[in-house]
Amino acid sequence: MNAVPKLPALAAATNAFLARKHQLFIDGKWLAAVDGRRFDVFDPATGETIATAAAGEAADIDAAVRAARAAFEGPWSKFTAAERSRVLWKLADLVEQNAQELIELEIVDSGLPMALAQYVVRGVVPEFFRYYAGWPTKIEGATIPAAPQGKRPGDAITFTLREPLGVVGAITPWNSPLPMVMLKLGPALATGCTLVLKPAELAPLTALRIAELCSEAGVPPGVVNVVTGFGEAAGAALAAHPGVDKIAFTGSTEVGRLIVKAAAGNLKKVTLELGGKSPIVVFPDADLEQVIPAAARACYFLQGQNCMAGTRLFVHDEVHDKVVEGIAQIARAMKLGPGLDPSSEFGPLISAEHRQRVMRFVDAGKREGGELVCGGTAPSRPGYFLQPTLFARMKNDMTPVREEIFGPVLCVQSFGDADLAQVARDANSTIYGLSGSVWTRDIGKAMQMVHRIDSGQVAVNMHAAIDAAVPFGGNKQSGWGREFGKEGLEPYLKTKAVTVTW
Ligand code: NDP
């Protein structure tokens with residue numbers, strides 16, 4: 001049994017937040033759920049309950065949507081673009097000022113390792129808000145040289161207005177919960193939309209804290225509302241609510257389909273960031289010193305609970321054994337432990353149920369003839385840990401290769417001197433198309449693979465090139481639309497064409 005380390009004490013602010021009775025955040029006020037129900041929030045590194053939260057349902061969603069509509073038509077609509085910029089900039093500052101608390105909450109709520117939580121809270125989140133703080137003053141329409149009804153130049157003018165779409169329902173998953181919320185908040189505030197957020201019930205805490213920081217940053221009541229609760233109740237009610245103009249969903253492809261059906265009632269706009277099963281393709285001339293740690297990171301980062309995880313590794317025969325052995329060495333050496341221990345490199349999975357699901361895929365891999373090189377077992381210790389797992393000699397039709405596991409299971413396949421088109425066909429033989437990477441020093445080969453791989457993002461000699469300015473999203477069944485960058489604003493805007501004559 002692994003020794004359970006003595007952990008550093010939580011900051012006073014974190015303890016104070018955890019000790020609160022967490023309610024729904026509606027119209028700038030903390031409210032109990034209408035029917036008074038609550039649920040436990042637990043630390044996946046220990047299994048212990050750390051807080052309880054209100055279980056909102058349809059009536060609470062309705063109250064939040066009404067507040068969001070009133071704010072959209074009321075005070076928020078009077079904010080100038082420059083004022084919205086300042087709010088986002090202030091929010092970034094507040095995230096930095098409250099970083100230690102947010103880091104610790106993110107760790108105990110979702111199991112992030114410390115280094116990753118630090119990077120996310122001190123780096124990714126404030127930089128993302130600052131990136132979107134730059135946009136409000138640059139959202140512009142166009143003037144169009146049109147001649148409606150035969151009007152001559154000088155007798156009419158046509159231009160477009162870019163207006164905020166309205167009330168956005170945001171539904172987010174539990175992996176890396178704060179960035180998932182950030183991805184909806186940034187463009188919503190930049191464009192002048194209002195938001196009803198339903199975070200995952202497995203990790204709702206930082207969503208509640210960030211809503212409070214939004215108020216501190218000057219966001220009027222009703223602009224950002226948070227209804228914690230369960231997907232089938234609160235999430236489904238939000239997706240179906242006739243007062244919501246758009247759903248911004250991040251989660252599984254399976255629930256994404258339910259969202260589309262629920263949104264059909266009032267033909268809401270829908271963006272979907274869904275599952276992935278991303279390929280990593282390694283050619284024999286690649287720099288293996290780079291490839292080996294990067295491939296391990298691509299899959300095991302966030303314990304594999306990461307939509308863009310590189311989980312299907314295609315390696316040329318010539319370097320196959322060396323790459324597999326190198327990754328196995330890294331996987332075996334990874335230090336498992338709670339994120340609060342700064343020396344932990346690999347945290348827990350989110351829940352006992354999720355770990356069981358991942359283990360079923362490990363069993364399927366063994367049963368279907370894969371070679372288990374390392375991992376695949378749950379250490380005997382509190383929390384929901386699972387060893388980073390590596391399978392070699394996998395084939396495209398095996399269950400762990402086909403399905404999104406959302407856990408630390410890397411499946412390796414080898415290829416010989418097949419033509420590039422065949423390698424790309426194998427890399428594309430999945431219903432998903434979110435991310436991917438190609439490793440070679442041959443720029444021609446790299447660009448031909450980039451051209452052929454069917455995914456929203458492909459990187460050469462790195463995996464998961466994420467930046468606030470770079471659009472990210474899925475092809476095929478990995479989703480609809482893009483987040484990040486200028487493209488990430490578009491789903492929050494509508495265009496009005498105006499013609500004026502005199
Ligand atoms: P789920 O799809 O199970 O849940 C996502 C959210 O949807 C949660 O808030 C959940 O509520 C809610 N939900 C569940 N059922 C419904 C419903 N019927 N109607 C409305 N909302 C509902 O995903 P997970 O939380 O398990 O997250 C993992 C998935 O997210 C993976 O597939 C992963 O690939 C994907 N993901 C995609 C990303 C991307 O950018 N493409 C990024 C991160 C994750 P609750 O859980 O509280 O019951």
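**Entry 1: two helices.** I started with helix α3 (residues 81–97) and helix α6 (residues 177–191), which pack at an angle of about 155° with their axes 8 Å apart. This is a predicted model, by the way. Angles over 145 degrees count as roughly antiparallel, so α3 is roughly antiparallel to α6. I also looked up the handedness: the crossing of α3 and α6 is right-handed.

Which residues in α3 meet α6? I found Arg-84, Leu-88 and Leu-91 on the α3 side, and they meet Leu-185, Gly-186, Leu-189, Ala-190 and Thr-191 in α6. Sorting the residues of this contact gave me five nonpolar, two polar and one charged.

**Entry 2: aromatic pairs.** How many aromatic pairs does the structure hold? The count came out at 13.

I picked Phe-128 and Phe-129 to begin with. Their ring centres are 6.3 Å apart and their planes sit at 70°, so I noted the pair as edge-to-face. Both Phe-128 and Phe-129 are buried.

Next I checked Tyr-300 and Phe-346, an edge-to-face pair with 6.4 Å from centre to centre and 80° between the planes. This pair links distant parts of the chain, 46 residues apart. Tyr-300 is in helix α10 (residues 288–300), while Phe-346 is in the loop between α11 (317–333) and α12 (352–367). Are these two buried or exposed? Tyr-300 has 2% relative accessibility, so it counts as buried. Phe-346 has a relative accessible area of 1% and is buried too.

I also wrote down one aromatic cluster, made of Phe-128, Phe-129, Tyr-131, Tyr-132, Trp-135, Phe-472 and Phe-484.

**Entry 3: positive phi.** Most residues other than glycine have a negative phi, so I went looking for exceptions.

Ser-176 is one: its phi is positive, about 50°, and it is not a glycine. I found Ser-176 in the loop between β7 (167–171) and α6. Its relative accessibility is 8%, and the cut-off for buried is under 20%, so Ser-176 counts as buried.

Asn-461 also has a positive phi, near 60°, without being a glycine. Where is Asn-461? I located Asn-461 in the loop between β19 (459–460) and β20 (475–476). At 30% relative accessibility, Asn-461 goes down in my notes as partly exposed.

Definitions and conventions: Residues numbered from 1 in each chain as written. Predicted model: local features only at pLDDT ≥ 70, side-chain atom pairs only at ≥ 80, totals over all residues. Heavy atoms only, no water. Axes fitted to C-alpha atoms, helices over the stretch in contact; angles between N-to-C directions. Helix = DSSP H or I, 4+ residues; strand = E, 2+ residues; numbered from the N terminus. Parallel < 35°, antiparallel > 145°, perpendicular 65-115°, else oblique. Left-handed = near helix turned anticlockwise from the far one by under 90°. Contact = heavy atoms within 4.5 Å. Nonpolar A, V, L, I, M, F, W, Y, C, P; charged D, E, K, R; others polar. Phe/Tyr/Trp six-rings, centres within 6.5 Å; stacked < 30°, edge-to-face > 60°. Buried < 20%, exposed > 50% of the residue type's maximum accessible area, 1.4 Å probe, protein only.
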